[in-house]
Amino acid sequence: MNRRVFLKGGALSLMTLGLSPSFLRRTALAMDLPRAARGKTLIVLFQRGAADALNVLVPFGDAQYYKARPQLAIGSPARNNGSLGAIDLDGFYGLHPSLSPLKPLWDRGLLAPIHAVGSPSATRSHFDAQDYMETGTPDRKGTTDGWLNRYLAVQGTCEACTPETSKAFRAVAMSAQTPRILEGKAPVVAMNSIDEFSIRTNGGDAERRLEALYRTGSADLVHGSGSDMFEALKVLRAANPQQYRPASGAQYPRSQFGQRLLQIAQLIKAGVGLEVAFADIGGWDTHVNQGAAQGQLANRLSDFGDSIAALVADLGDRMEDVVILTCSEFGRTVRQNGTGGTDHGHAGAMFVIGGALGSAQKVHGRWPGLAPEQLYEGRDLALTTDFRAVFAEVASRHLGAKDLRTMFPGYEGTSRDWLGVLRG
C-alpha cells in the first residue's frame, strides 16, 4: 500500500468521528497519558431545545404558577397528588415526578438545583442562544471558540495541563462532531461511542500496518509519539462496552443519552485522563402537547433523570472528584399556549451534581416571582443569575481555573456573584 495514501485514509477515518488532521498532529506530538492518580472531571450535559424550567424545578410555592398553567402545572405535593405531584425539596420547590431518581441525590447532599439562571441575551433563537451559552459570550456572534476549550487551552488554568502536555483524551464529546462548547485550539476527541472509535480507527491488519509505519521513525503526515496513540487506543478497547459492567447495580437506559453517559463512566474508570466530558440530549422544544406529570416532557425527563442517576451510582465514591453540570439555552413561557405547550422563554434552571457541594439540600438562585409585573417582557421567568457566574464558579472551584477573564471575555462578574454551589 502507498504510504501517503494509507496515512491519508487513517486521518479521514478519524475525521468521521469529529477529529481533524490538525488534531491528529497535535495529539501524536503532545500525548501524555496519565498515571494512576485521579484527577478532577467535569461532565457537561446540554438539554437542547429549551427545557421548561418551571416544570423541571417546580415552584409549587408560588400561587401564580398555577394561575398561569391551569392544565400544564405539576400538582403541589401538599395537595395529595401522589405520584403525579411535585417531589418536595424545601417546601417551595419540587422536582418533576419523572425526576424521582434524583431525589436520593438531593437527600445525600449531591444535588444542587439552580433556578432563574441563564443568558442575559434577549434572543429567543435556539441557534443563537445555544451558541452564546457554549461560547460563553452572550450577544457576541463573532466568538470562534467554546468556553470549555478556552479552559483547556489557557496555560496555568490547571496544574500540569498546558497545550504542550495535552492528553489525547483529556476532553471528550460523546457526539458525532465536536460541539461548539469544545471548539478551539486545544485538542478534543468527538466520538459516537468507544466501540465505534475502536472499530473505525483502522482496526485489524490496517492498524498494525499503520503502527509499523510509525515505528520507522520517518516524518510524514503524522509523526512523533505515535506509539502513545496506539497505547491510548488499547486503553479504550480495554473499556469495551460489551465487556463493561456498571457498578452498584446501576441500570442505564438503553437510550442514546443513557448509553453515552455509560461510556463517560467507562472513560473515567479507564484512567485515560478524562478532565472534561460533554453529551447532549434533544427533544425539549415542547410547543405542542407538552403534558404535565405525564406526556412528552415527562418521558424526556424520565430518560434524563434515570441516566444521570445511573451515572452517579456507577461512579460511586469517584463522585467526590466529579461534577455534573446540566444546562439548556433558555426556559419557556410562564403561561401555557393554546396548543397544550409552552413557547420560547428566558431564564431557566440548571443542576450541579457532585460530592463537593457547598450547601446540602439547598436550591440556589434568587426567585424573581411569577406575578405579571415580575415577568421578563411580561411573559417569561426573569433572570437573576447569569450562567457565566455558575460556569466560572465550577471551572474555578472544581477544575482550578485561574484565568477566568480569558475564559469568559467581556464578563464583568466576580466571585461575589457566585452562588456558593461548590465548596470554596
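Predicted model: local features only at pLDDT ≥ 70, side-chain atom pairs only at ≥ 80, totals over all residues.
Ser248 is found in the loop between helix α10 (226-238) and helix α11. The protein has 424 residues, and buried residues make up 58% of them. Of the contacts with a separation of 6 or more, 74% join residues 24 or more positions apart.

**Confidence of the model**

- The average pLDDT of the protein is 84, and 77% of the residues score at least 70.
- Over residues 156-166 the pLDDT is below 50, and this stretch has 26 contacts in the model beyond near neighbours in sequence.
- Residues 217-226 also have a pLDDT under 50, with 22 contacts in the model beyond four places in sequence.

**Residues with positive phi**

- Most residues other than glycine have a negative phi.
- Ser248, although not a glycine, has a positive phi of about 60°.
- With a relative accessible area of 63%, Ser248 is exposed.
- Ala50 is not a glycine either, and its phi is positive at about 75°.
- The position of Ala50 is in the loop between strand β1 (41-47) and helix α3 (53-56).
- Ala50 has a relative accessible area of 0% and is therefore buried.
- Gly136, which follows helix α6, has a positive phi near 75°.

**The pairing of helices α11 and α12**

- Helix α11 covers residues 256-270 and helix α12 covers residues 296-315; their axes come within 9 Å and cross at roughly 15°.
- Angles under 35 degrees count as roughly parallel, and α11 and α12 are therefore roughly parallel to each other.
- The crossing in which α11 passes α12 is right-handed.
- On the α11 side, the contact is made by Phe257, Gly258, Leu261, Ala265, Ile268 and Lys269.
- On the α12 side, Asp303, Phe304, Ser307, Ile308, Leu311, Asp314 and Leu315 make the contact.
- An α-helix has 3.6 residues a turn, so residues three or four places apart point the same way.

**Helices enclosed by the structure**

- Helix α6 (residues 126-135) is largely enclosed by the rest of the structure, because nine of its 10 residues are buried.
- The buried residues of α6 are His126, Asp128, Ala129, Gln130, Asp131, Tyr132, Met133, Glu134 and Thr135.
- Helix α13 (residues 387-397) has nine of its 11 residues buried, so α13 is also largely enclosed by the rest of the structure.
- In α13 the buried residues are Phe387, Arg388, Ala389, Val390, Phe391, Ala392, Glu393, Val394 and Ala395.

**Loop residues and their partners along the chain**

- Asp62 is placed in the loop between strand β2 (57-58) and helix α4 (63-68).
- The relative accessibility of Asp62 is 11%, so Asp62 counts as buried.
- Between the C-alpha atoms of Asp62 and Trp367 there are 9.9 Å in space, while 305 residues separate the two in sequence.
- Leaving aside residues up to four places away in sequence, Asp62 touches Phe92, Trp367, Gly369 and Leu370.
- Arg335 has its place in the loop between strand β9 (322-328) and strand β10.
- A relative accessibility of 42% makes Arg335 partly exposed.
- Arg335 and Tyr66 are 269 residues apart along the chain, and their C-alpha atoms are separated by 9.4 Å.
- Beyond residues up to four places away in sequence, Arg335 touches Ala68, Thr342, Leu375, Gly378 and Arg379.
- Ala382 lies in the loop between strand β10 (348-354) and strand β11 (385-386).
- Ala382 has a relative accessibility of 15% and therefore counts as buried.
- The C-alpha atoms of Ala382 and Gly348 are 8.9 Å apart in space, and the two residues are 34 residues apart in sequence.
- Not counting residues up to four places away in sequence, the residues touched by Ala382 are Ala116, Ala347, Pro368, Gln374 and Tyr376.

Conventions
Residues numbered from 1 in each chain as written. Heavy atoms only, no water. Axes fitted to C-alpha atoms, helices over the stretch in contact; angles between N-to-C directions. Helix = DSSP H or I, 4+ residues; strand = E, 2+ residues; numbered from the N terminus. Parallel < 35°, antiparallel > 145°, perpendicular 65-115°, else oblique. Left-handed = near helix turned anticlockwise from the far one by under 90°. Contact = heavy atoms within 4.5 Å. Buried < 20%, exposed > 50% of the residue type's maximum accessible area, 1.4 Å probe, protein only. pLDDT = per-residue confidence, 0-100.
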